[in-house]
Amino acid sequence: MFRYFVTKEGDKYEAGFKQNGITMSALITPAGELVETESDMSPAKLPAAVRAKLASDYKAYKVTEAAVLVLASGATTYEAEVSKGGKHQDVVFNADGSLVKK
């Protein structure tokens with residue numbers, strides 16, 4: 001049995017599903033064009049440069065989740081959910097550890 005969910009995210013749709021035991025999602029436009037895919041991963045599997053940046057710039061935070069994001073263009077980034085004092089935020093990095101967005 002294939003389980004999935006679809007939710008509205010802004011003007012796009014997010015379809016979530018499991019593939020090969022990995023929780024994934026796809027962001028799709030109303031016209032059906034793929035914007036990006038997201039695959040959950042262990043924070044320990046983030047690239048070394050991303051883990052180093054988290055350790056230096058977010059040392060007071062706990063990394064609670066991680067994912068790899070692949071844009072339709074093929075560009076790959078890494079997302080880490082960090083928490084501190086009950087507040088969570090997502091930060092996105094390139095593989096070299098440079099910050100894409102908070």
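What share of the contacts in the chain with a separation of 6 or more comes from residues 24 or more positions apart? Such residues account for 29% of those contacts, where contact means heavy atoms within 4.5 Å. The model is predicted, so local features need pLDDT of at least 70 and side-chain atom pairs count only at pLDDT 80 or more, while totals for chains, interfaces and linings use all residues. Residues are numbered from 1 along each chain as its sequence is written, and side-chain values use heavy atoms, with hydrogens and water left out.

Along the sequence the pattern is β-β-β-β-α-β-β-β-β. Taken along the principal axes, the C-alpha atoms fill a box of roughly 40 × 30 × 25 Å. Of the 102 residues in the chain, 31% are buried, that is, under 20% relative accessible area with a 1.4 Å probe and protein chains only.

The eight strands form an open sheet in the order β1-β2-β3-β4-β5-β6-β7-β8, with antiparallel pairing; two strands pair if DSSP finds at least two bridges between them. The edges are β1 (4–9) and β8 (99–101), and each has a single partner strand, so one side of each is left without a neighbour in the sheet. On average, neighbouring strands are turned by 30 degrees against each other, direction ignored.

Individual pairs can be followed through the sheet. Strand β4 (residues 34–41) and strand β5 (residues 62–71) are antiparallel and share six bridges; here T37 stands opposite V70 in β5. Strands β6 and β7 are joined by seven bridges, and A80 has V91 in β7 as its bridge partner. Their hairpin has two residues between the strands, and G85 takes a positive phi near 60 degrees in it. Between β7 and β8 there are two bridges, with V92 opposite K101 in β8. That hairpin has five residues between the strands, and in it G97 takes a positive phi near 90 degrees.

The helix, α1 (residues 48–57), lies across β5, β6 (76–84) and β7 (87–93), and runs at about 140 degrees to β7. Axes are lines fitted to C-alpha atoms, for helices over the stretch in contact, and angles run from 0 to 180 degrees between N-to-C directions.

Next come the pockets. A pocket is an open set of points on a 1 Å grid over the protein atoms alone, where a 1.4 Å probe fits and protein lies on both sides within 12 Å along at least five of seven lines; lining residues have an atom within 4 Å of a point. The largest pocket has a volume of about 300 Å³, volume being the space filled by probe spheres set on the points, which are joined across faces, edges and corners. Of its 16 lining residues, E36, E38, L69, E79 and K101 are the closest to its centre. At least two lining residues come from each of β3 (22–28), β4, β5, β6 and β8.

The second largest pocket has a volume of about 160 Å³. Its lining has 15 residues, of which E38, D40, E65, A67 and E79 are the closest to the centre. Two or more of the lining residues come from each of β2 (12–19), β3, β4, β5 and β6.

Definitions and conventions
Helix = DSSP H or I, 4+ residues; strand = E, 2+ residues; numbered from the N terminus. Buried < 20%, exposed > 50% of the residue type's maximum accessible area, 1.4 Å probe, protein only.
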